[in-house]
Amino acid sequence: MSLVENLNKIKNTIPANITLVAVSKTKPVEDIQTLYNAGQRVFGENKVQEMVAKQEVLPKDIEWHLIGNLQRNKVKYIAPFVSLIHSVDSYNLLKEINKQAKRHERIIPCLLQIKIAQEESKYGLDFSDAEELLTQLSEFPHIEIQGLMGMSTFTDDMEQVKAEFQSLKNFYDQIQPKYPFIKILSMGMSGDYPLAIELGSNMVRVGSSIFGERNYP
Ligand SMILES: *Cc1c(COP(=O)(O)O)cnc(C)c1O
């Protein structure tokens, strides 16, 4: 199947109110342009340099989402244009994003990344640290926290994935009345996005099911 067929197949199976982030990491700008021509505007990248290089040559109305671990010293490169940072996991990172957003006279939308997976390799805040950060947001007038992001454990055990997504949805439901600006729940990738949507996700990050398997050098 072609890229556009892959995209449309996924779009046809998810409700219209769910944002599809097409995860284009490691894929060439030609592929992104092809999907752009078919109407896709939201793309996700996990590396700052790669996102900046693609942003420079592609149409300027693309919404670029940073979905990977973000080092503080690299925030400055994406601050002028990034649409949403999914991977905020510390006070110090918020502080740097706020500083760079201010320099560019803008407000940068962000999600708090919550660690729900059982793997050591996954980044993110635990629930109590996230709650504490939410009480400190007045220090960051150039940041708009719009929601939460989580990644499940890489496993075929769908019961485990389900429990992890459910735990994030429960936390979302618990804090949402107190922090009504929390509106986005970013969970679900190629292997688990239908389950994530069933469990309340409203933003899915899909890479290989659209672009094909990634070839890492
Ligand atoms: C790579 C990546 C995705 C997409 O993964 P696929 O399994 O290819 O859909 C989603 N979210 C994050 C944070 C990623 O790094």
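Helices (H or I, at least four residues) and strands (E, at least two) are DSSP runs, numbered from the N terminus. The structure is a predicted model, in which local features need pLDDT of at least 70 and side-chain atom pairs count only at pLDDT 80 or more, while totals for chains, interfaces and linings use all residues. Residues are numbered from 1 along each chain as its sequence is written, and side-chain values use heavy atoms, with hydrogens and water left out.

**Figure 1. Asn98 in helix α5.** Asn98 is found in helix α5, which spans residues 91-103. At 11% relative accessibility, Asn98 counts as buried (buried means under 20% relative accessible area, exposed over 50%, and partly exposed in between, with a 1.4 Å probe and protein chains only). Neighbours within four places in sequence aside, the contacts of Asn98 are Glu139, Phe140, Pro141, His142 and Ile143 (contact means heavy atoms within 4.5 Å).

**Figure 2. The salt bridge between Arg41 and Asp61.** The structure holds four salt bridges, a salt bridge being a side-chain nitrogen of Lys or Arg within 4 Å of a carboxyl oxygen of Asp or Glu. In the pair shown, the closest N and O atoms of Arg41 and Asp61 are 3.3 Å apart. Arg41 comes from the loop between α2 (29-37) and β2 (42-45), and Asp61 from the loop between α3 (48-57) and β3 (63-66), so the pair ties together parts that are 20 residues apart in sequence. Both side chains are partly exposed: Arg41 has 27% relative accessibility and Asp61 has 43%.

**Figure 3. A network of salt bridges linking Glu45, Glu50 and Lys54.** Side chains of opposite charge can pair when their charged atoms come close. Glu45 forms a salt bridge with Lys54, and their closest N and O atoms lie 2.8 Å apart. Glu45 is buried, at 0% relative accessibility. Lys54 is likewise buried, at 6%.

Figure 4. Lys169 is buried, with a relative accessible area of 19%, whereas Asp173 is partly exposed at 39%.

**Figure 5. Buried and exposed residues of helix α1.** The buried residues of α1 (residues 3-13) are Leu3, Asn6, Leu7 and Ile10. Seen down the axis of α1, these buried residues fall within an arc of 95 degrees, so they line one face of the helix; the arc is that of the directions from the helix axis to the C-beta atoms. On the other side of α1, Lys9 and Asn12 are exposed. The cover over the buried residues of α1 includes β1, α2, α8 (193-198), β8 (203-206) and α9 (208-211).

**Figure 6. Val204 in strand β8.** Val204 is buried, at 0% relative accessibility. The C-alpha atoms of Val204 and Ala22 are separated by 8.5 Å, although these residues are 182 residues apart along the chain. Beyond its neighbours within four places in sequence, Val204 is in contact with residues including Ile14, Ile18, Thr19, Leu20 and Val21. Met187, Gly188, Tyr193 and Ile197 are also among the contacts of Val204.

**Figure 7. Thr26 and Glu105, two residues with positive phi.** Most residues other than glycine have a negative phi. Thr26, which is not a glycine, has a positive phi of about 70 degrees. Thr26 lies in the loop between β1 (19-23) and α2 and is partly exposed, with a relative accessible area of 34%. Glu105, also not a glycine, has a positive phi of about 50 degrees. Glu105 is found in the loop between α5 and β5 (108-115) and counts as exposed, at 72% relative accessibility.

Figure 8. Ser190 places a polar side-chain atom 2.5 Å from an oxygen atom of the ligand. An N or O atom in the side chain of Arg205 is 2.9 Å from a nitrogen atom of the ligand. For Ser208, a backbone N or O atom lies 2.8 Å from an oxygen atom of the ligand. The protein covers 91% of the 380 Å² of accessible area that the ligand has on its own, with accessible areas taken from the Shrake-Rupley method with a 1.4 Å probe.

Definitions and conventions:
Polar contact = N/O pair within 3.5 Å; in protein donor to acceptor, adjacent residues only side chain to side chain.
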